[in-house]
Amino acid sequence: MGINSTQIRQEILAQVQRRGVEKTICPSDVARSLSPHHWRDLMPQVRDVGISLAEAALIYVTQRGQIVDPKTAKGPIRYRVTQKGLKAL
């Protein structure tokens, strides 16, 4: 596939920044934009990069509108940019 963590990080940040602080994106949106035909294979990497971005306080990971711990969250999650994340990239 050839997509690395840096590319995923940049794509997550670009998408959440475009959406703004009030809206979220689905991790699958990131995977689909980077690998339209093999996006499911990319999902574990996207989630791992999402964890590191949340730990760096660049994004929030949410479920049903509530901020959750990305390491323990089960099921569908979404990403939202933080104020610090607005300045990243």
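Trainee: What should I know about the numbering and the model?
Mentor: Residues are numbered from 1 along each chain as its sequence is written. This is a predicted model in which local features need pLDDT of at least 70 and side-chain atom pairs count only at pLDDT 80 or more, while totals for chains, interfaces and linings use all residues, and side-chain values use heavy atoms, leaving out hydrogens and water.

Trainee: Which pattern does the protein follow along the sequence?
Mentor: Start with the elements, taken as DSSP runs numbered from the N terminus: helices are H or I, at least four residues, and strands are E, at least two. The protein has four helices and three strands. Read along the sequence, the pattern is α-α-α-β-β-β-α.

Trainee: What is the radius of gyration of the protein?
Mentor: The radius is taken over C-alpha atoms, and the globule rule is 2.2 Å times the number of residues to the power 0.38. For 89 residues that rule gives 12 Å, and the protein comes close to it, so it is as compact as a globular protein of that length. Its radius of gyration is 12 Å.

Trainee: Which percentage of the residues is buried?
Mentor: Buried means under 20% relative accessible area, exposed over 50%, and partly exposed in between, with a 1.4 Å probe and protein chains only. Of the 89 residues in the protein, the buried ones make up 43%.

Trainee: What share of the contacts with a separation of 6 or more joins residues 24 or more positions apart?
Mentor: A contact means heavy atoms within 4.5 Å. Among contacts with a separation of 6 or more, residues 24 or more positions apart account for 56%.

Trainee: What is the strand order in the sheet?
Mentor: Two strands pair if DSSP finds at least two bridges between them. β1 (residues 59-63) pairs with β3 (residues 78-81) over four bridges, in the antiparallel sense. β1 also pairs antiparallel with β2 (residues 66-67), over two bridges. The sheet is open, with the order β2-β1-β3.

Trainee: Which strands stand at the edges?
Mentor: Each edge strand has a single partner strand, so one side of each is left without a neighbour in the sheet. The edge strands are β2 and β3.

Trainee: How many residues of β1 are buried?
Mentor: β1 spans residues 59-63. The strand is largely enclosed by the rest of the structure, because the buried residues number four of the five.

Trainee: Which residues are the bridge partners of Thr62?
Mentor: Take each neighbouring strand in turn. In β3, Thr62 has Arg78 as its bridge partner. In β2, the bridge partner is Ile67.

Trainee: Which residue in the hairpin turn has a positive phi?
Mentor: β1 and β2 form the hairpin, with two residues between them. The phi is about 50°, and the residue is Arg64.

Trainee: Which residues does Ser28 touch?
Mentor: Ser28 sits in helix α2 (residues 27-34). Ser28 is buried, at a relative accessible area of 11%. Not counting residues up to four places away in sequence, it touches Trp39 and Met43.

Trainee: And which residues are in contact with Ala73?
Mentor: Ala73 lies in the loop between β2 and β3. Ala73 is buried, with a relative accessible area of 11%. Leaving aside neighbours within four places in sequence, its contacts are Arg47, Gln63 and Val68.
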